[in-house]
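Please look over the structure before reading on.

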Amino acid sequence: MNYRVTSLTVQQTRELGKQLSEHLIGGDVVALIGDLGAGKTAFAQGIGEGLGVVGSMTSPTFTLIHEYKGFIQNTKLRLIHMDLYRLRHPEEAEIIGIEDAFVDDAVCLIEWPEIAEDYLPDDRLTVEIKGSGDMPREIVFKAKDPNWEQRLKFLS
């Protein structure tokens, strides 16, 4: 199942993230794929805004993991934002405890997930952002698990 959406601005990309947040549940893993400057962090910021994260969200490029407090339907939730850009070997994902973030009281966003492919759950949502600079973005939502089909209806 694939959904394709065009975003013309950073604000539209952020808004798509915010819209997606309304359909997330604890335990969800969202893999964010795209070149440098594609808008992965803007999309993640939209999710954070939608989940009620207070304060600014930045990409955890140097710290690898940032954790925020959020809410889904008035229930406390952790938003775990990872950036795996600096990892060089798949085993490093295991060392930093990537799988510890895949829990029911958290939503996990992972930028540059390709290095950790073997550690990611099959039922994740992959969001690929194509384009950079001043170009429009094509944002492709992909999932293997059929439960995402119903949850992503807002994109059609």
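## Sheet and pocket

Val 30 has Leu 109, in S5, as its bridge partner. The model is a predicted one. Strands S2 (residues 29-34) and S5 (residues 106-111) run parallel and are joined by four bridges. S3 (residues 65-72) and S4 (residues 75-83) run antiparallel, and Gly 70 has Leu 77 of S4 as its bridge partner.

| Strand pair | Direction | Bridges |
|---|---|---|
| S2 and S5 | parallel | four |
| S3 and S4 | antiparallel | eight |

These strands belong to an open sheet of seven, ordered S1-S7-S6-S2-S5-S4-S3, in which the pairing is mixed. S1 (2-7) and S3 are the edge strands, each pairing on one side only. From one strand to the next, the twist averages 20 degrees. Helix H2 (residues 40-50) lies across S2, S4, S5, S6 and S7, and runs at about 155 degrees to S2.

In a regular strand, side chains alternate between the two faces of the sheet. The covered face of S3 holds His 66, Tyr 68, Gly 70 and Ile 72, while Ile 65, Glu 67, Lys 69 and Phe 71 are on the uncovered one. Two residues lie between the strands in the S3-S4 hairpin, where Gln 73 takes a positive phi near 50 degrees.

The largest pocket has a volume of about 170 Å³. Its lining has 15 residues, and those closest to the centre are Leu 24, Ile 25, Phe 71, Ile 72 and Gln 73. S4 gives the largest share of this lining, three residues. By type, the lining residues are six nonpolar, five polar and four charged.

Methods. Residues numbered from 1 in each chain as written. Predicted model: local features only at pLDDT ≥ 70, side-chain atom pairs only at ≥ 80, totals over all residues. Heavy atoms only, no water. Buried < 20%, exposed > 50% of the residue type's maximum accessible area, 1.4 Å probe, protein only. Pairing = 2+ DSSP bridges. 1 Å grid on protein atoms, 1.4 Å probe; cavity = no way out; pocket = protein on both sides within 12 Å on 5 of 7 lines; lining within 4 Å. Points joined across faces, edges and corners; volume = space filled by probe spheres on them. Nonpolar A, V, L, I, M, F, W, Y, C, P; charged D, E, K, R; others polar. Axes fitted to C-alpha atoms, helices over the stretch in contact; angles between N-to-C directions. Contact = heavy atoms within 4.5 Å.
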